[in-house]
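My notes follow the display.

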Amino acid sequence: MNDFRKAGSRIRGVVAAVGASLVLTGCGAVNHMIYKTTGDVMQGFSRNHTVPYLLESDDLAMGCSMSEATAPLLMSFGRVTREPDQLAVMLYLSAGGCAEEQAREHELAAARAMYAMNAGEAQDAMIRQKRAHTQAAKRYLKGWQHHHAHYGDPDGGECPKFKDDLDEFIYLAGLLSGLQALNAQIQASSSIGVPFNTGSVVGRATQCLDNKKWWGAPMGLRATVWAMIPGTQPEGEDAFERLAIASKQGEEAGVRLGHVFHAIAAVNKNDEALIKSVIRDHAESLENDSSSEQWRFVDAMASNLLVAISDRLWVENTGHRTPIGQFGSFWDDQRAPVETMDLDDLL
C-alpha cells in the first residue's frame with residue numbers, strides 16, 4: 001500500500017513538472033509573439049511616420065537626441081523579428097552626426113587655445129576631438145553595414161529596386177554614412193575597420209539615384225569623391241564644375257546639400273577663397289530661397305555644417321566663432337565707407 005502511494009506521489013510530481021513546463025513554454029511563446037508583433041509595429045510606424053515627420057522638422061538637436069535615445073530600443077527588436085536595417089541607416093547616420101558635432105566643438109576649443117598660445121589646452125582638445133571622431137566613425141560604419149544588409153553590396157553591379165521616395169532617400173543616406181565613416185576614421189587617425197575603398201564604392205553607387213530628383217546631391221557626392229581621392233575622376237570631367245552645378249540645383253530645390261559637398265572639396269583643396277565663396281552663396285540662398293517643406297531637416301543639416309566650417313575659419317583668425325547675424329561675412333571683408341556730414345559748414 002505504501003509502495004502504491006509512493007508511486008502515485010511520484011507520478012503526480014512528474015505530471016506537475018510536465019504541466020509547469022508546458023505552461024512556461026507557452027508563456028515564452030506568447031511573449032515572443034507579443035514582442036515580435038510589437039517590433040513589427042514599431043518598425044513600420046517609425047519608417048512610415050516618425051522618419052518623415054522628423055525630415056519635415058528643422059530641429060537638428062531634437063533629431064540628434066532622438067536617434068541616440070531610441071536606437072538601442074528600436075535595434076533590440078532585431079532579436080525577436082527581422083533586423084530593422086532601414087531604420088538603422090537613419091539612426092546611425094544621425095547618431096554619428098551627434099558624435100561629429102562634439103568633435104567639431106573640440107576642434108574649435110583647440111583652435112581657440114592655439115590662438116591664445118595655450119599649447120597644453122590645445123593638445124587636450126585635439127585628443128578629445130580624435131576620440132569623438134572615433135565614436136562617429138563607429139556609428140557611421142554601422143549605418144553603412146546596415147545599408148549593405150538591406151540594399152545589398154553597392155558595388156555589386158546592380159541597382160536596387162526602390163519601393164518609394166523614402167526608400168531612395170534612405171539609400172542616399174546610407175551612401176552619406178559610408179563616406180562619413182571613412183572621413184571620420186581619417187580624422188580620428190586610427191582604423192576602426194572602414195574599408196579604404198569606401199569612397200570609390202559610394203561614388204559609383206550614386207549612379208543608382210536620379211540626380212535632378214535628389215537636388216543634385218548624387219552628382220555632388222560623386223564629384224566630392226573625385227576631388228578628394230586621387231585617380232577617381234574620369235577623363236574629361238571636372239569635379240569643381242560638377243560641384244558648382246550641384247550647388248545651383250540644391251539652391252533651386254531648397255535642399256542645399258550641394259553647398260556642403262562643394263565646401264568639403266574646397267577644404268580638402270585648402271582653397272580658402274572658394275570656401276568663403278560657397279559660404280556666401282549659401283547665406284544668400286537662405287535669404288532668397290525657402291527650404292523644401294518635405295526635406296527641411298536635410299537643408300538645416302547642410303546649413304549647420306557650413307556654419308561649422310565658417311566657425312572654424314573665424315576662430316582660427318579671430319579667436320571666436322561666427323558672430324550672430326554675420327554668417328556669410330568674414331573678418332577681413334572690406335567695409336563700405338560711411339558717409340559723414342561736415343558740421344563746420346552748418347556753423
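I began with glutamate 272, which counts as partly exposed at 35% relative accessibility (buried means under 20% relative accessible area, exposed over 50%, and partly exposed in between, with a 1.4 Å probe and protein chains only). I kept in mind that this is a predicted model, in which local features need pLDDT of at least 70 and side-chain atom pairs count only at pLDDT 80 or more, while totals for chains, interfaces and linings use all residues. Residues are numbered from 1 along each chain as its sequence is written, and side-chain values use heavy atoms, with hydrogens and water left out.

Next I looked up the partner of glutamate 272, and found a salt bridge with lysine 276, the closest N and O atoms being 3.4 Å apart (a salt bridge is a side-chain nitrogen of Lys or Arg within 4 Å of a carboxyl oxygen of Asp or Glu). The two residues are 4 apart in helix α10 (residues 272-288), so about one helical turn separates them (helices are DSSP runs of H or I, at least four residues, numbered from the N terminus). Lysine 276 is buried, at 9% relative accessibility.

I then noted that lysine 276 also meets aspartate 332 in a salt bridge, at 2.9 Å from N to O. Because lysine 276 lies in helix α10 and aspartate 332 in the segment after α11 (296-318), this pair ties together parts that are 56 residues apart in sequence. Aspartate 332 is partly exposed, with a relative accessible area of 39%.

Finally, I searched the whole structure and recorded 18 salt bridges.
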